[in-house]
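Welcome! Take a moment to look over the fold below, and then let us walk through it together.

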Amino acid sequence: METSRLKPRQRADAKDSVVPGSTANLPLVMNVEEDFDLLRSFINESNECLTHIEREALVLERNPANVDTLNSIFRAFHTFKGSSGFLNLLPIQRLAHEMESVLDLAREQRLAITSEVINLILRGADALKQFITEMELQLNGVKPVAPYILPMKELFARIQTLIESSKKEAQR
């Protein structure tokens with residue numbers, strides 16, 4: 001993607017780190033006028049990533065020790081984070097970032113892949129799918145272009161609980 005199209009005010013800064021309580025219900029705002037084609041490409045790429053995440057999560061559920069599958073899921077969420085950050089789609093970027101954090105703990109073997117983790121991966125993918133569906137409806141003119149809020153407070157709380165319990169476990 002071409003970064004020169006973005007205005008400086010549109011770029012997501014590194015200082016915009018995730019603070020779950022304050023970011024759980026950020027509105028998804030698209031710059032349709034300037035980024036229509038990029039948004040369309042993002043939706044297509046996102047649908048491919050979502051299919052991949054769901055398929056790989058099922059493989060990981062059957063074989064939690066499969067490092068290649070874990071890394072593959074991590075990369076899909078990483079792709080979401082980068083592309084959504086580029087387009088300033090903050091709630092998508094922040095959710096993908098949080099999912100990356102969970103998966104990174106598993107990659108570092110500080111978090112076991114359990115059914116709870118698999119369910120969290122799938123819930124994260126479902127939330128991303130809801131955002132992508134809404135974007136598609138707006139870009140196709142089925143719905144008016146407007147900020148969209150997907151309540152994610154519970155999802156962010158579950159992610160944070162899992163991360164915190166993993167950190168506490170590592171300190172023992």
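A residue is called buried when its relative accessible area is under 20%, exposed when it is over 50%, and partly exposed in between, using a 1.4 Å probe and protein chains only. This is a predicted model, in which local features need pLDDT of at least 70 and side-chain atom pairs count only at pLDDT 80 or more, while totals for chains, interfaces and linings use all residues. Residues are numbered from 1 along each chain as its sequence is written, and side-chain values use heavy atoms, with hydrogens and water left out.

Let us begin with N88, in the loop between α3 and α4; helices are DSSP runs of H or I with at least four residues, and strands are E runs of at least two, numbered from the N terminus. N88 counts as partly exposed because its relative accessible area is 25%. Its phi is positive, near 60°, though N88 is not glycine. Most residues other than glycine have a negative phi.

The loop between α4 and α5 holds both Q109 and L111. Q109 also has a positive phi of about 60° without being a glycine, and its 72% relative accessibility is why it counts as exposed. L111, at 13%, is therefore buried. Contact means heavy atoms within 4.5 Å, and the partners of L111 beyond four places in sequence include V102, V117 and L162.
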